[in-house]
Protein chains: 2
Amino acid sequence: MVRAVSGPTSFSGGELAATEHLAALLGSPPRGEVWVGDDAAVLSGREGPLLFATDLLVEGVHFERALSSCADVGWKALASNLSDLAAMGGRPLAAVVALAGASQPDLDSLYEGLLEASRAYSCPLVGGDLSDSPVLVVSIAVLGTTDGRPPVLRSGARPGERLFVTGTLGAAAAGLRLLRVDPAATGELVGAHRRPRPRLGEGIAAASLGASAMIDLSDGLGLDLARLAAASSVGVALEGLPACAGATEEEALGGGEDYELLFSASPEIDVAGEFARLGLRPPIEIGQVVADPATRTLDGEPLPRAGYLHRL
Amino acid sequence: MVRAVSGPTSFSGGELAATEHLAALLGSPPRGEVWVGDDAAVLSGREGPLLFATDLLVEGVHFERALSSCADVGWKALASNLSDLAAMGGRPLAAVVALAGASQPDLDSLYEGLLEASRAYSCPLVGGDLSDSPVLVVSIAVLGTTDGRPPVLRSGARPGERLFVTGTLGAAAAGLRLLRVDPAATGELVGAHRRPRPRLGEGIAAASLGASAMIDLSDGLGLDLARLAAASSVGVALEGLPACAGATEEEALGGGEDYELLFSASPEIDVAGEFARLGLRPPIEIGQVVADPATRTLDGEPLPRAGYLHRL
């Protein structure tokens with residue numbers, strides 16, 4: 001999920017409870033499949049796991065027309081879906097796009113951004129739906145593959161492992177803050193808000209080197225780290241917060257929409273070396289997985305609760 | 001696409017133009033794949049064609065809360081997506097559901113209907129997204145398979161072939177008309193509006209017996225027949241309109257939301273016999289495919305233009 005609202009929000013939203021409730025309703029998947037509760041669902045196919053995910057953006061909730069063009073919204077809608085595939089170590093096969101409430105000029109602009117992201121990340125747009133609506137809605141579903149590798153779930157982190165993020169944090173939230181002051185603002189932070197980059201190469205690299213758990217930072221490190229820890233029944237001890245230049249610590253922790261990946265890996269793995277071998281920026285080591293699930297610390301202090309949840 | 005608005009609408013909407021425009025933008029798929037322009041996209045997989053489709057429902061556009069419960073909306077949202085798979089001769093593998101603007105009671109009711117349809121048509125709900133929104137939106141994407149058979153496209157109808165529909169028409173529109181007069185109305189027509197049944201078995205039967213072209217009647221026979229004829233570059237001569245008991249001729253032609261299938265087949269094929277062999281109701285023969293693409297007749301008279309298009 002993506003967000004337009006800035007600033008840390010409390011954990012007490014209805015979204016987590018609703019998701020847990022739905023997981024119970026939907027029942028247990030067959031062996032080898034994963035349904036609700038990870039970044040993408042995993043379906044078993046004869047040729048290996050398929051990934052299936054959906055993410056929708058609503059005007060006024062996920063984006064403001066005054067601050068982002070429809071082309072930016074189109075890019076971000078596809079990018080946020082692709083990020084869900086990245087978080088499982090997958091690559092995209094195809095996407096379908098359902099649009100509601102777009103005028104003809106909106107449509108052209110939305111598809112400009114959608115097609116830019118489609119080409120940038122080799123994800124053909126193969127179909128869709130168009131509808132009237134009082135509010136602009138962009139709903140995308142993506143199909144992906146792990147090319148036979150086991151997908152990386154949120155639930156595999158083990159005590160003693162190291163935690164990594166694929167880049168500095170808070171840029172998207174800082175960019176949104178700048179845009180709110182000056183809608184004509186430009187620069188890297190604004191670009192990070194408008195055109196987030198799904199870390200597909202990094203996700204495949206992490207999966208290949210044996211990452212034990214992974215999640216994308218769509219709702220902020222504070223919340224997404226807690227999700228990974230809860231799914232793995234472990235605690236986490238952060239040793240610093242890699243805020244990007246120009247972002248506050250709050251934005252780095254609770255800002256969301258950075259779409260960097262958070263993953264865990266055994267200390268015996270040369271993560272930086274493996275990334276470098278693939279021509280990728282080395283990930284940033286941010287802390288350790290610990291045994292006690294109640295432990296959530298930053299430099300030894302309790303980790304502030306922050307991150308974006310829909311109210312519902 | 002599905003609709004809540006009753007009565008024939010003119011052809012001059014923006015939806016067709018927008019769809020053609022998008023098809024041009026998205027470019028040509030690789031050999032063996034079909035992107036925009038059919039009921040579902042066809043992706044080539046090593047184990048045979050995969051089908052991928054999406055359809056979204058917006059409150060006030062596709063449904064009215066006063067006339068349908070959220071459970072009905074959930075059922076219809078999944079059913080309309082499954083109908084797109086049926087129209088290609090496919091069966092469902094999985095669906096993802098993105099919901100926006102649903103309160104907790106809405107969510108429970110939506111999932112009640114979604115899960116009823118999921119069980120009725122063996123389509124597991126494997127994931128989704130939840131979001132705030134000022135208006136209720138239900139967006140679904142489905143993945144399906146043809147189990148190795150070639151998918152039935154809209155474009156394969158040839159002159160001399162016979163046209164069939166899998167059931168009588170107009171029930172859903174008639175049901176909506178009754179509900180508008182009395183929101184407490186019940187009965188078969190109301191049921192057809194609230195709980196349409198995707199014709200998955202019929203679609204597989206038609207594909208198996210060698211149907212040359214197929215489409216689902218989501219927007220009304222008038223419009224969907226024109227789509228099939230245009231895709232196949234043929235004309236059509238109808239020999240009667242199988243309106244269901246209680247539906248007007250207008251509702252049968254332009255009502256939409258019946259989700260029956262329309263298909264063409266060679267006159268040498270014993271269509272009724274093949275359906276009966278599979279324990280299915282025999283389809284209704286409604287006319288003939290003719291060579292001149294300008295021919296669109298009903299009992300020798302020009303076919304009235306009717307069907308639902310979004311304005312955009």
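User: Before we start, what should I know about the model and its numbering?

Analyst: Residues are numbered from 1 along each chain as its sequence is written, while chains are lettered from A and ligands numbered from 1 in the order in which they are written. The model is predicted, with local features needing pLDDT of at least 70, side-chain atom pairs counting only at pLDDT 80 or more, and totals for chains, interfaces and linings using all residues; side-chain values use heavy atoms, leaving out hydrogens and water.

User: Okay, sheets. What is the order of the strands in the open sheet of chain A?

Analyst: General idea to begin with: strands of a sheet pair through backbone hydrogen bonds, either parallel or antiparallel. Strands here are DSSP runs (E, at least two residues; helices are H or I, at least four), numbered from the N terminus, and two strands pair if DSSP finds at least two bridges between them. In chain A, five strands make an open sheet in the order S1-S2-S5-S3-S4, with mixed pairing. Its edge strands, each pairing on one side only, are S1 (41-43) and S4 (125-131) of chain A.

User: In which sense do S3 and S5 of chain A pair?

Analyst: Antiparallel, over nine bridges between S3 (residues 91-100) and S5 (residues 137-145) of chain A. To find your place, look for Ala94(A), which stands opposite Leu143(A) in S5(A).

User: And over in chain B, is strand S5 buried or exposed?

Analyst: Buried means under 20% relative accessible area and exposed over 50%, with partly exposed in between (1.4 Å probe, protein chains only). Nine of the nine residues of S5 (residues 137-145) of chain B are buried, so the strand is largely enclosed by the rest of the structure. Val137(B) and Leu143(B) are among those pointing one way, Val138(B) and Ile140(B) among those pointing the other.

User: What does S5(B) pair with?

Analyst: Strand S2 (residues 50-58) of chain B runs antiparallel to S5(B), joined by nine bridges, and Asp55(B) stands opposite Ile140(B). Strand S3 (residues 91-100) of chain B is also antiparallel to S5(B), again with nine bridges; there, Pro92(B) stands opposite Gly144(B).

User: How do the two chains relate?

User: How many residues are in contact between the chains?

Analyst: Taking contact as heavy atoms within 4.5 Å, 58 residues of chain B touch 58 residues of chain A. The copies meet through the same surface, because 100% of the interface residues of chain B are also interface residues in chain A.

User: Where can I see salt bridges?

Analyst: Look for a side-chain nitrogen of Lys or Arg within 4 Å of a carboxyl oxygen of Asp or Glu. One of the pairs is Arg195(B) with Glu116(B), whose closest N and O atoms are 2.5 Å apart. Arg195(B) lies in the loop between helices H5 (188-194) and H6 (200-209) of chain B and Glu116(B) in helix H3 (residues 104-120) of chain B, so the pair ties together parts 79 residues apart in sequence.
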